[in-house]
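Here is a friendly note to read with the model open beside you. Take the points in order, and find each residue on screen as you go.

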Amino acid sequence: MTRRRLILAALIALAIAAWFLSGAHDALTLQALQAEQARFRAWLAAEPLVVAGGFFLIYVLMAAVSLPGATLLTVLGGALFGLGWGLLIISFASALGATLAALIARTLAREPLERRFAPQLARINAGIAREGAFYLFTLRLIPLFPFFVINLVMGLTRMRLWTFYWVSQLGMLPGTAVFVNAGRELGSLESLSGILSPGLIGSFALIGLFPWLARGGVVLAKRRRLAVRFARPARFDHDIVVIGGGSAGLVASYIAAAVKARVALVERDRLGGDCLNTGCVPSKALIRAARLASEVRGAGRFGVQAGEPKIDFPAVMGHVQRAVQDIEPHDSRERYEGLGVTVMAGEAFLEDPWRVRVTDEAGASRVVTTRHVIIASGARPRVPPLPGLEAIEVLTSDNLWRLEALPERLLVLGGGPIGCELGQAFARLGSHVALVEMGGQLLPREDPEVAAEVARRLGEEGVELHLGTRALGVVPGEEGGQALSVERTVPGGEGWRDSLPFSHLLVAVGRQANVSGMGLEALGVETRGDGTLAVDESLQSVLPNVWACGDVAGPYQLTHASAHQAWHATVNALFGEFKRFRVTYRALPAVTFTDPEVARVGLNEREARERGVAFEVTRYELAELDRAIAEGETEGFIKVLTVPGRDRLLGATIVGEGAGEMLAEFTLAMTHGIGLNKLLGTIHPYPTRSEAVKATAGVWKNAHKPERLLGWLERYFRWRRG
């Protein structure tokens with residue numbers, strides 16, 4: 001605790017102690033107020049400004065330090081000043097005191113609580129930013145909740161103090177008026193319960209329900225305005241129309257059909273989207289072939305002499321295409337039509353929130369009506385506007401799979417997961433690969449030591465790494481070829497320029513959402529700064545019946561993230577009138593399929609420090625794992641972040657062979673609140689890589705063993721031995 005917080009805590013403790021030691025709490029009772037009522041009024045008549053000012057100050061201080069007696073002071077204010085002046089004075093005093101109480105709670109406790117519970121508080125603060133004023137107003141209207149508790153709890157959030165003040169000022173007015181008015185009859189009151197009769201509490205409850213009813217009315221009003229503006233259909237062809245047949249769209253369609261909703265799926269290209277046709281499936285098939293080539297080269301260390309493998313690149317690409325074809329039936333039109341989905345080939349355009357025009361390749365179009373629309377239009381590779389780039393054929397993760405010959409010199413622009421995976425794969429197949437990354441490390445979202453492991457392996461396998469290097473444009477190279485002009489920068493020094501020759505340029509600098517061409521702009525559906533559609537935590541857009549999921553919604557462009565979002569978008573669209581589910585990414589896993597693999601769920605050290613989350617690190621080297629030793633794959637480690645002193649997981653990062661498969665156990669643990677103690681108590685088969693999870697839990701347990709208890713046991717056994 002900082003010195004400022006210590007001083008503030010000490011002052012508050014002294015004020016509370018003085019309050020009780022002075023006997024003021026005994027004097028501030030209904031009977032005492034009734035007995036001194038005439039004396040108070042005489043004092044007010046003699047010195048009105050002193051009494052009013054002193055009353056205001058005392059009320060503010062009592063509310064600020066959450067002392068008991070504010071209710072009685074309110075009654076006294078009504079007796080002294082009447083309804084008008086009493087309501088004016090007490091209204092401002094209570095709001096100011098409440099704001100000071102919130103400020104005190106914020107100063108004393110918010111920072112340490114945010115360090116300890118950052119993920120949970122981040123979600124709460126996101127909700128406060130969105131609906132905090134409405135929520136606080138509702139609590140203020142209902143006197144069933146102690147106001148001092150509301151002050152302290154809301155003070156721990158990120159709500160602006162000015163917002164807290166004016167909402168409290170308005171929200172407490174009805175309750176304050178009731179108590180001030182009761183004060184006018186101070187002499188006839190037998191107890192404070194006479195003020196809050198069951199009927200009056202019921203009235204307050206009805207007042208408290210008013211904002212919720214008002215919000216429902218606002219939603220209905222929005223829908224009414226939409227209906228007036230766009231002529232809402234009297235009946236609908238479908239419950240949901242899904243635009244986009246990639247991972248998100250397929251899952252959304254599947255879920256809607258499973259609950260017997262009538263759903264149409266519109267896709268302009270091939271079902272399966274990027275994952276099946278140009279992303280996950282073909283890239284993993286290519287990586288497998290490249291890995292096999294690497295294993296053949298390294299077989300000598302196991303006593304198997306195989307020599308340099310011969311790469312038949314057209315056959316490799318044939319293997320890639322067969323993998324796509326074999327998986328394609330899982331995402332086929334026939335399968336989804338068999339599930340009850342109406343599959344429509346063509347371009348989708350929203351004429352209004354309920355009408356979708358679908359135009360096929362021949363130009364024929366039809367309009368279908370729907371209660372809800374789910375946008376799952378995906379994303380495409382981002383190609384930066386570099387000079388000279390338009391004059392060459394640029395490779396991306398979309399068109400890479402049409403290559404017929406192995407690139408002689410492949411230059412990869414971008415050191416993220418896609419660039420690292422494909423760069424390593426082509427290097428193993430025999431291309432000379434150079435990789436350019438503007439940042440200071442590969443895999444910029446990972447911890448530096450994780451990126452360093454990948455960079456080391458890529459360098460050993462012949463990939464030429466250019467980190468901290470900015471691409472300037474494509475320029476003529478030697479002997480009629482092309483080259484990429486780059487500028488290298490050194491922190492604290494001067495940059496210098498160079499040119500890197502290439503036969504093929506692969507751009508892997510990220511992806512941009514497909515948001516144009518569907519009529520969303522005209523309907524007022526907004527986009528974020530990164531180009532994705534702006535949706536809330538339930539994945540609803542500014543239009544009540546238009547939702548989004550997958551790459552087009554962000555922030556994670558991963559197949560399993562798309563499926564995760566698709567469930568939420570579909571269930572919220574179909575059943576949101578009864579219950580909404582907010583999508584959470586706390587236990588979202590991610591794997592980079594380089595060699596060594598990099599797998600992570602939850603926070604890593606870099607993110608924890610950026611968010612101010614207190615954490616403890618437990619590390620286990622895979623060189624200690626028997627299975628890894630037996631297979632000669634000992635590089636890598638497991639790094640787990642936990643709450644300090646506890647076994648609750650904040651995140652896990654794995655680098656090494658089979659990292660993606662080992663990560664599943666940590667993901668399960670984070671999803672269901674399973675701690676390291678229970679992982680340690682789970683039987684794992686020997687010898688397997690999954691034992692590394694248990695071994696990591698063992699390292700944590702050894703660091704937290706009860707030393708005092710063990711000391712007692714040592715003395716006990718020494719005594720037993722005689």
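1. **How to read the numbers.** This is a predicted model, where local features need pLDDT of at least 70 and side-chain atom pairs count only at pLDDT 80 or more, while totals for chains, interfaces and linings use all residues. Residues are numbered from 1 along each chain as its sequence is written, and side-chain values use heavy atoms, with hydrogens and water left out.

2. **The whole protein.** The secondary structure comes to 26 helices and 21 strands. Helices (H or I, at least four residues) and strands (E, at least two) are DSSP runs, numbered from the N terminus. Of the 722 residues, 47% are buried. Here buried means under 20% relative accessible area, exposed over 50%, and partly exposed in between (1.4 Å probe, protein chains only). The accessible surface is about 35,500 Å², and carbon and sulfur atoms hold 60% of that. Such areas come from the Shrake-Rupley method with a 1.4 Å probe; for residues, only the protein chains shown count as cover.

3. **Contacts along the chain.** A contact means heavy atoms within 4.5 Å. Take the contacts between residues at least 6 apart in sequence: 66% of them join residues at least 24 apart.

4. **Helix α14.** Does the length of this helix agree or disagree with what its residues should span? The expected span is 1.5 Å times one less than the number of residues. For the 18 residues of α14 (residues 280-297) that gives 26 Å, and the end C-alpha atoms are 26 Å apart, which agrees. Its buried residues include Val 281, Leu 286, Ile 287 and Arg 291. Among the elements that cover them are α13 (273-277), α15 (313-327) and α17.

5. **Helix α18.** The same check works for α18 (residues 448-460): its 13 residues should span 18 Å, and its end C-alpha atoms are 18 Å apart. Val 450, Ala 451, Glu 453, Val 454, Ala 455, Arg 457 and Leu 458 are buried in this helix. Their cover includes α17 (417-429) and the strands β10 (464-467), β18 (597-602), β20 (637-642) and β21 (649-656). After α18 comes Gly 462, with a positive phi near 95 degrees.

6. **Salt bridges.** Side chains of opposite charge can pair when their charged atoms come close. A salt bridge is counted when a side-chain nitrogen of Lys or Arg is within 4 Å of a carboxyl oxygen of Asp or Glu, and the whole structure has 38 of them. Glu 308 and Arg 297 form one, at 2.9 Å from N to O. Glu 308 lies in the loop between α14 and α15 and Arg 297 in helix α14, so the pair ties together parts that are 11 residues apart in sequence. Glu 308 is exposed, at 58% relative accessibility, whereas Arg 297 is partly exposed at 34%.

7. **A salt-bridge network.** Some charged residues are linked in a network of salt bridges, including Arg 291, Glu 453 and Arg 457. Arg 291 is also one of the buried residues of α14, while Glu 453 and Arg 457 are buried in α18.

8. **Around Arg 627.** Arg 627 forms a salt bridge with Glu 631, with the closest N and O atoms 2.6 Å apart. The two are 4 residues apart in helix α22 (residues 626-631), so about one helical turn separates them. Arg 627 is partly exposed, with a relative accessible area of 30%, and so is Glu 631, with 29%. Arg 627 is also touched by Thr 688, which lies in the loop between α24 (676-680) and α25 (691-703). Thr 688 counts as buried, at 18% relative accessibility.

9. Which nonpolar residues form a patch on the surface? They are Leu 709, Leu 710, Trp 712, Leu 713, Tyr 716, Phe 717 and Trp 719, with about 760 Å² of accessible area together. Patches are made of residues with over 30% relative accessible area and no salt bridge; like charges are joined within 9 Å, and nonpolar side chains (Val, Leu, Ile, Met, Phe, Trp, Tyr) within 5 Å. Trp 719 lies in α26 (residues 707-721) and is exposed, at 63% relative accessibility. Glu 714 and Arg 718 also lie in α26, 4 residues apart, and their side chains meet in a salt bridge at 3.9 Å, N to O.

Terms used. Lists of a residue's contacts leave out its neighbours within four places in sequence.
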